[in-house]
Amino acid sequence: MSIESISLSGRKKQVSNKEMTFWERMYLVAIIKGLIITIQHLFTRKVTIQYPEQVREMSPVYRGQHMLKRDEQGRENCTACGLCALSCPAEAITMKAEERRADEKHLYREEKYASIYEINMLRCIFCGLCEEACPKDAIYLTTSKVLVPSSYEREDFIFGKDKLVMPLEMAIKNAQLKNAN
């Protein structure tokens, strides 16, 4: 067995330089096949939607912008355990934990809280693993269509607690809806 006949993949083919026939040199058959495919595409259904008038339905597994939840009393649910940052495959989440002071009992549920909680939206892949890893159900990905506003500065894509924490009015409204059910 010679070295030229050995093929590791088993797909080795012998290439030949045979002369092309007259019809192959004219490429007429290939041109006609291409025209047939083009004409077939003219009669297929178009997938383009007219955006402002028509709105495409969102997927049921759509994950939008991140939000840090509050409880019914307006306190943050996050206890700075760091599981969301550990589970993030893009390493987009950074946090710094601090101890709660006596005058901050109305702001945080537990003794430990995230004094700095940042998500780098340029790195985030919106996979939802942070949401699944959180034991306190403190972070979730909303279903809003607003993702990340465009900007020219990289610092604008690092979302801190000022952009991530649920507004107090929304937390109170959620608590009222929960109590009504």
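Predicted model: local features only at pLDDT ≥ 70, side-chain atom pairs only at ≥ 80, totals over all residues.
Visitor: How many helices and strands does the protein chain have, and in what order do the elements run?

Guide: The secondary structure comprises 6 helices and 5 strands. Read from the N terminus, the order of the elements is α-α-β-α-β-β-α-β-β-α-α.

Visitor: Is the protein chain a compact globule or more spread out?

Guide: For 181 residues the globule rule gives 16 Å. The radius of gyration of the protein chain is 29 Å, well over that value, so the chain is more spread out than a compact globule. Along the principal axes, its C-alpha atoms fill a box of roughly 90 × 55 × 40 Å.

Visitor: Which element gives the largest share of the largest nonpolar core?

Guide: The largest nonpolar core has 22 residues, and those with the most contacts inside it include I93, Y117, I119 and I139. The largest share, 3 residues, comes from β3.

Visitor: Which residues is I139 in contact with, leaving aside its neighbours within four places in sequence?

Guide: I139 is among the residues with the most contacts inside the largest nonpolar core. With its neighbours within four places in sequence left aside, the contacts of I139 are H66, M67, L68, Y117, I119, C130, E131 and C134.

Visitor: Is C134 buried or exposed?

Guide: C134 has its place in the loop between α4 (129-133) and β4. Buried means under 20% relative accessible area. The relative accessibility of C134 is 18%, so C134 counts as buried.

Visitor: What distance separates the C-alpha atoms of C134 and C81?

Guide: Along the chain, C134 and C81 are 53 residues apart. In the model, their C-alpha atoms are separated by 8.4 Å.

Visitor: What distance separates the C-alpha atoms of R25 and A80?

Guide: R25 lies in helix α1 (residues 22-26). Along the chain, R25 and A80 are 55 residues apart. The separation of their C-alpha atoms is 71 Å.

Visitor: Which residues is R25 in contact with, leaving aside its neighbours within four places in sequence?

Guide: R25 has a relative accessible area of 49%, and R25 is therefore partly exposed. Once its neighbours within four places in sequence are left aside, R25 is in contact with E19 and M20.

Note on methods:
Residues numbered from 1 in each chain as written. Heavy atoms only, no water. Helix = DSSP H or I, 4+ residues; strand = E, 2+ residues; numbered from the N terminus. Rg over C-alpha atoms; globule rule 2.2 N^0.38 Å. Core = buried A, V, L, I, M, F, W, Y, C linked by side-chain atoms within 4.5 Å. Buried < 20%, exposed > 50% of the residue type's maximum accessible area, 1.4 Å probe, protein only. Contact = heavy atoms within 4.5 Å.
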